[in-house]
Amino acid sequence: MTAQAAALLAALRQCLGAEQVLCDGDLSAYEIDRRRRYHGRALAVLRPGSTDEVAQVLRLAAAHGVAVVTQGGNTGLVGGSVPDASGAQLLLSLQRLNRVRRLDAANLTLTVEAGCILQAAQEAAASADLLLPLSLAAEGSCTVGGNLATNAGGVQVLRYGNARELCLGLEVVTPHGEIWDGLRGLRKDNTGYDLRDLYIGSEGTLGVITAAVLRLYPQPRAVLTALATCATLEDCLNLLQRAQARSGATLTAFEVMNAQSLALVQQHFAAAALPSMPAAPWTVLLEVSDARNEQHAATLLESLLADAVAAGLIDDALVAQSLTQSRTFWRLRETIPLAQAADGLNIKHDIALPVSRIPAFVVQADAAVQAQCPGARSVNFGHLGDGNLHYNVMAPAGVAPAEFLVANEDAVNRRVYDLVNAHGGSISAEHGIGVLKRDELLRHQSPVALALMQRIKAALDPQGLMNPQRLL
Ligand SMILES: Cc1cc2nc3c(=O)[nH]c(=O)nc-3n(C[C@H](O)[C@H](O)[C@H](O)COP(=O)(O)OP(=O)(O)OC[C@H]3O[C@@H](n4cnc5c(N)ncnc54)[C@H](O)[C@@H]3O)c2cc1C
């Protein structure tokens with residue numbers, strides 16, 4: 001270790017306490033990403049317990065010219081939350097910055113620190129009979145700061161929007177160690193450039209989010225979930241249109257899963273599979289959240305499904321008869337990423353498209369993938385209601401997943417992302433750019449947009465110390 005690094009660590013121990021500056025022992029939980037694709041090594045893992053401590057850390061890092069990688073729950077899927085392999089970067093974990101600061105029921109807002117686990121924030125809202133609608137399968141371990149830094153989506157974007165729409169204010173520590181207190185719970189605030197929107201989705205490259213004011217909603221009086229099977233993706237789309245026309249804002253989720261994704265669940269997590277649901281090319285999970293009562297919700301959902309059967313759009317449907325059964329339906333959907341992980345590495349695409357283009361895209365992408373690697377298996381699932389598809393490509397049966405990934409990832413990505421572009425879509429719907437998609441962003445983002453982003457980065461982080469080599 002250089003004398004300069006030793007001096008920095010000594011100063012950090014003084015400011016955080018020696019026990020919150022981790023250099024030895026097993027640090028793999030911080031240094032390896034969730035998909036185990038990126039294995040880094042940190043100069044130290046820092047665990048500040050307050051915004052002031054975060055500010056002191058960033059001031060010290062700036063003075064020593066040392067890079068800082070911020071981490072929340074380390075559930076990100078694009079390699080942005082772990083240090084590189086140099087052993088020279090500080091890993092700033094926000095796990096201890098996890099307090100609920102304020103619940104303002106009359107203003108429908110919740111102020112939490114960035115390291116607060118999403119599920120804990122949801123529970124804080126529920127304790128006042130309010131709803132924090134941000135919801136994703138990683139909610140038991142991801143943090144509010146990570147959600148905002150990646151502008152996370154999840155399963156209720158259709159009705160409530162993504163993390164950006166659910167955030168009214170932020171507290172941020174800049175790369176120079178200044179604290180910007182923008183924790184205002186306002187729905188209207190036209191006072192110049194929107195710094196909040198700048199930091200949301202910036203993936204830790206412009207500063208550290210330390211707290212946020214989140215927007216809450218009244219709890220719906222009834223939430224009903226159903227599964228329906230469709231022969232084609234066009235039928236799923238038609239069902240979505242009917243559901244939107246009938247239910248309006250009552251429709252809170254509309255997810256699709258192809259047969260391959262459910263077969264994986266059956267193979268790796270048989271307990272989460274649903275034997276009562278016949279296998280079909282596509283299965284839809286839809287949910288309505290009703291402000292009136294259960295009877296109203298049931299009538300709405302059952303008549304929608306009956307009409308869709310009569311119109312030949314769906315073959316079978318199952319309405320959850322209890323909260324437990326509804327959870328079972330959701331578990332089926334949420335187990336798909338886990339089943340994929342259990343099957344080995346695969347080529348993932350978290351893409352956004354105009355909803356109307358999704359069926360044509362899938363047909364063309366499947367053909368392009370087969371032309372590139374015959375026998376590859378497409379695992380398609382996602383939030384059809386908001387145009388976000390997880391279009392993932394697995395090795396043909398009998399081929400080792402890791403070898404398949406190395407041999408085909410670049411070529412498959414190119415074919416898939418070129419099609420995404422041709423359909424007016426985005427190469428990242430909700431997971432962000434991180435390291436994984438950094439080079440693709442160069443190909444797909446307009447030169448003017450990239451130049452503006454570079455200028456913003458240079459203005460706010462002139463030393464380039466915040467999450468270097470991520471996003472840009
Ligand atoms: C099973 C599973 C399901 C998922 N489902 C979804 C889904 O439906 N929708 C979705 O959008 N994502 C999903 N994800 C991805 C992931 O959970 C989200 O991206 C989540 O928002 C990341 O939160 P985190 O606290 O784990 O952040 P991390 O993984 O720790 O960090 C993610 C990025 O944010 C930065 N960051 C973290 N905290 C801060 C902070 N306080 N200030 C500044 N920068 C920060 C990091 O540097 C990194 O670049 C899923 C992941 C898993 C494993």
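This is a predicted model: local features need pLDDT of at least 70, side-chain atom pairs count only at pLDDT 80 or more; totals for chains, interfaces and linings use all residues.
**Entry 1**

I found four strands in an open sheet, ordered β1-β2-β4-β3, and I noted that the pairing is mixed. At its edges I recorded β1 (21–22) and β3 (68–71), each of which pairs on one side only.

I then looked up how β2 and β4 are joined. Strand β2, residues 42–46, runs parallel to strand β4, residues 89–93, and four bridges connect the two. Within this pair I located A44, which stands opposite L90 in β4.

Next I turned to β3. Its pairing with β4 is in the parallel sense and extends over four bridges. I noted L92 in β4 as the bridge partner of T70. I also asked which way the residues of β3 point. V68 and T70 point one way, V69 and Q71 point the other way, and all of them are buried.

**Entry 1. Helices on the four-stranded sheet**

Helix α1, which covers residues 3–16, lies across β1, β2 and β4 and runs at about 5 degrees to β2. Helix α3, residues 51–64, packs on the sheet as well, where I found it touching β2, β3 and β4. The direction of α3 makes about 170 degrees with that of β4.

**Entry 2. The seven-stranded sheet**

I moved on to an open sheet of seven strands. I wrote down its order as β15-β12-β14-β13-β17-β18-β16, with antiparallel pairing. Here the edge strands are β15 (316–319) and β16 (350–352), and each pairs on one side only. I noted that neighbouring strands of this sheet are turned by 20 degrees against each other on average, with direction ignored.

I examined one pairing in detail. Strand β12, residues 222–230, pairs with β14 in the antiparallel sense over nine bridges. In that pair I found A226 with L286 of β14 as its bridge partner.

Helix α8, residues 233–247, packs on this sheet and touches β12, β13 and β14. I recorded an angle of about 175 degrees between the direction of α8 and that of β13. I also followed α11, which lies across β12, β13, β14, β15, β17 and β18 and runs at about 140 degrees to β17.

**Entry 3. The buried side of α9**

Which residues of helix α9 are buried? In this helix, residues 259–268, I listed S261, L262, L264 and V265 as buried. These residues lie on the same side of α9, because they cover an arc of only 150 degrees around the axis. I then looked up what they pack against: the partners are β13 (251–258), β14 (282–290), α11 (323–343), β17 (377–383) and β18 (388–394).

Is T205 buried or exposed? I counted T205 as buried, because its relative accessible area is 4%, and the cut-off for buried is under 20%. Leaving aside residues up to four places away in sequence, I found T205 touching K457, D461, M466, N467, R470 and L471.

For a second case I took G425, in the loop between α13 (401–422) and α14 (438–444). With residues up to four places away in sequence not counted, G425 touches A352, L353 and V420. I also looked up the separation of G425 and G201: their C-alpha atoms are 18 Å apart, while the two residues are 224 residues apart along the chain.

**Entry 4. A span taken from a record**

I consulted UniProt, where an unreviewed entry lists residues 38–219 as "domain: FAD-binding PCMH-type". In the model, the end C-alpha atoms of residues 38–219 lie 39 Å apart. I noted that this span is 21% helix and 26% strand.

**Entry 5. The whole protein**

Finally, I looked at the protein as a whole. I noted 15 helices and 18 strands. Along its principal axes the C-alpha trace spans about 75 × 55 × 45 Å. I compared the radius of gyration with that of a compact globule: for 472 residues the globule would have a value near 23 Å, and the protein has 23 Å, so the two agree.

Of the 472 residues, 54% count as buried. I also looked at contacts between residues at least 6 apart in sequence, and 75% of these join residues at least 24 apart.

Key:
Residues are numbered from 1 along each chain as its sequence is written. Side-chain values use heavy atoms; hydrogens and water are left out. Two strands pair if DSSP finds at least two bridges between them. Contact means heavy atoms within 4.5 Å. Axes are lines fitted to C-alpha atoms, for helices over the stretch in contact, and angles run from 0 to 180 degrees between N-to-C directions. Buried means under 20% relative accessible area, exposed over 50%, partly exposed in between (1.4 Å probe, protein chains only). The arc is that of the directions from the helix axis to the C-beta atoms. UniProt positions are given in the numbering used here, feature names are shortened, and annotations may be inferred rather than shown by experiment. The radius of gyration is taken over C-alpha atoms; the globule rule is 2.2 Å times the number of residues to the power 0.38.
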